[in-house]
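Have a look at the model first.

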There are 2 protein chains.
Amino acid sequence: MCAVATVESVLMNIGEIARRAGVSRSTVSYALSGKRPVTGETRRRIQAVIDEIGYRPNAAARALKEGRTRTLGLVIPPANQRLTDMQLGFVASVVEAAARADLDVLLSPSGGDHDRSFERVVTGRRVDGVILMEIRLEDERVVRLRESGLPFVTIGHTANPYGTCWVDVDYPTLIARCVHHLADLGHRSLALVNRSAELLAIGYGPAHRALAGFTEAVAQRGLTGVELTCADDAAAGESCFEQLRDQHPDVTAVVTINEAALPGLQRGLERAGLVVPRDMSLAGVAARHWAEDFRPQLTAADIPTVEMGASAVDLLLERIAAPEAPARHLLLAPPVSLRASTGPAPR
Amino acid sequence: MCAVATVESVLMNIGEIARRAGVSRSTVSYALSGKRPVTGETRRRIQAVIDEIGYRPNAAARALKEGRTRTLGLVIPPANQRLTDMQLGFVASVVEAAARADLDVLLSPSGGDHDRSFERVVTGRRVDGVILMEIRLEDERVVRLRESGLPFVTIGHTANPYGTCWVDVDYPTLIARCVHHLADLGHRSLALVNRSAELLAIGYGPAHRALAGFTEAVAQRGLTGVELTCADDAAAGESCFEQLRDQHPDVTAVVTINEAALPGLQRGLERAGLVVPRDMSLAGVAARHWAEDFRPQLTAADIPTVEMGASAVDLLLERIAAPEAPARHLLLAPPVSLRASTGPAPR
DNA sequence: TTGTATGCGTTATCAG
DNA sequence: CTGATAACGCATACAA
């Protein structure tokens, strides 16, 4: 019999609470923030009103007054191209870590055509700090952020990261470890399946660093190594395998940072009647779940996405609290987890 | 010789622009919004100043004044549990569609312990509208949003969705189509690998609707069907296969909405020396990329995540513009793409 | 075509 | 311990 009224129309500002509780606005404000003592009785009356009409302070007004938004910006790659499992791990862990600190996360797809979103975030004072991912060796967004004075942390690092906060994985070392592991197994001819030629061309950090680590480790062990670039999808992985088979038939092991290409690579192998790791070993750098879901389970350096995302948030909060403090960074080199995709070299 | 100064300290409000351009604040405001004519000369002078010091209006102040934030809220499942490929597809496409409309997206992980984030979004007037995903048949967040008066759209729908805007995939129909496809291939005994028992217990919509569609289609075709619940990971998928093999050895085809379980299921099959689709057919509902990356490529109803995310944003924008208009919804039933994981029943 | 004054909802400063 | 009042930066109704 009782119609359900939408609470929509009742106005809920701090003045209304004050009116209903019979106190002044500032008293309500202080009762909420606890920044100055309020009598138990008044506090109780205020709390009762707040609970009754479900008041919460207006975020925009508070942001305007306080000069901070309690929001972090997270700049992600343009969403039209599928995000890799690793990138998704970062997004999830950043959101999670931010939520633990009672901070919200504003997503900004950037790098594509709409850098309007990025500009809004940087210059509209919409966030207290920014986390940037998918860093290039020379990254104009880093330049932009640096000159904006907005605190920021990057997941990945530029060629000259001095003075910026960042957290990254040590790709050269990880790739080198994979190479050494394969060399120890007797492989003499290795291929690196890198990310796409486009990414390499625009100076995408992990692609360049993986190549550097591969080249050096291969030379160090006196192996022959070939480098292939490959787009982030199964079809590209498949044609990458064809290329390998046609032009480098002596290759017995592949190391990669391109997880998205692996299903296609594996499909190519299967079609050619080759079995992993009997005929070809596979090793790489990937998120743990991804490596474990792969068939056979992938020998890989497992990227600690959760830890990296959480660290990025921690670093950013430090930087927001003390913008002038010296920039810190974190370079992780997780061990290579031996699974089922690597074995002794054939013959 | 010229030190690189951070632009940080220069104040950049509309008054400062006005002062430097020698006009009043309102003129600057109108020059920006174009809501009243401004002489070409003054406009040019103002624009010059703006370009010079890189001014952009303060989002908080604008939100406070206008009563809208130009931001959409996106409520995602708690990020500690890995998001499925489908869920990620929604996030990406919503962000993309919002960016096209010059809107930002605020992420709110909810459903776990911290519903503080959800409450902030709902009641702090931080967003103009909300997109909710992972809907249960009875969903308290929907109730909460409805009584808050904040415009919202759900991806998925409750048992009684009347009066709410939503977009969803027709799970009963899709699962039924899979069943019919398998029945046509001669399979007589089918299994449904559902999402986890926990999700089913809390009334997760897709799990219940998939079950309903399966049960009905199986009955209609006079088949025998068993239903298994399975957590969202490879290990669970593997033990799910063991269970199938032990307790239901007559099953020759599996239909599933649990993409995350499939790698494990497939690993179990392999270990038992069974080949898909020769010994066992697999069909399901999944994101297209996921189905194509699977080995063998998965016969599946491909969820149009991009279209769904974009539609959710469209519906939400409509609803924000006209909150009293009748609620619209979209129920999609994409066709089953025949790939390599289904074949004639064995023997 | 432009300038002035007001209020959005908070928090902080100053009186009491 | 509490109340009035002034900002925060912007958009707009009103006046010129």
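A bit of bookkeeping before we start: Ala, Val, Leu, Ile, Met, Phe, Trp, Tyr, Cys and Pro count as nonpolar, Asp, Glu, Lys and Arg as charged, and the others, Gly among them, as polar. With that sorting, the surface near DNA strand D has nine nonpolar, nine polar and eight charged residues. Keep in mind that this is a predicted model.

Who is sitting around that strand? DNA strand D is surrounded by 26 residues, and the closest are Thr27(A), Arg36(A), Thr39(A), Ile14(B) and Tyr55(B). The most comes from α2(B), which gives four residues.

Which part of the DNA faces the protein? Among the atoms of DNA strand D within 4 Å of the protein, 51% belong to sugar or phosphate, and the rest to bases. You can pick out individual examples of both. On the phosphate side, an N or O atom in the side chain of Thr27(A) is 2.5 Å from a phosphate oxygen of DNA strand D. For the bases, turn to Arg36(A), where an N or O atom of the side chain is 2.8 Å from a base oxygen of DNA strand D.

Now zoom out to chain A as a whole. Its domain assignment gives domain 1 (7–66), domain 2 (71–169 + 305–332) and domain 3 (171–302). The C-alpha centres of domain 2 and domain 3 of chain A lie 28 Å apart.

How do domains 2 and 3 of chain A meet? In contact are 13 residues of domain 2 and 14 residues of domain 3. About 1,200 Å² is buried between these two domains of chain A, with carbon and sulfur atoms giving 54% of that area. Between them, the count is seven residue pairs in polar contact and one salt bridge. That salt bridge links Asp168(A) with Arg209(A), and the closest N and O atoms are 4.0 Å apart.

On the domain 2 side of chain A that touches domain 3, α5 (85–100) and β5 (165–169) each supply at least two residues. The largest share, three residues, is from α5(A). Sorted by class, that side of domain 2 has five nonpolar, four polar and four charged residues.

Terms used:
Residues are numbered from 1 along each chain as its sequence is written. Chains are lettered from A and ligands numbered from 1 in the order in which they are written. This is a predicted model: local features need pLDDT of at least 70, side-chain atom pairs count only at pLDDT 80 or more; totals for chains, interfaces and linings use all residues. Side-chain values use heavy atoms; hydrogens and water are left out. Domain bounds come from an automatic or database domain assignment. Contact means heavy atoms within 4.5 Å. Buried area is the accessible area (1.4 Å probe) that two parts lose on being put together, summed over both. A salt bridge is a side-chain nitrogen of Lys or Arg within 4 Å of a carboxyl oxygen of Asp or Glu. A polar contact is a pair of N or O atoms within 3.5 Å; within protein, one must be able to donate a hydrogen and the other to accept it, and residues adjacent in sequence count only if both atoms are side-chain atoms. A residue is near a molecule or strand if one of its heavy atoms lies within 4 Å of it.
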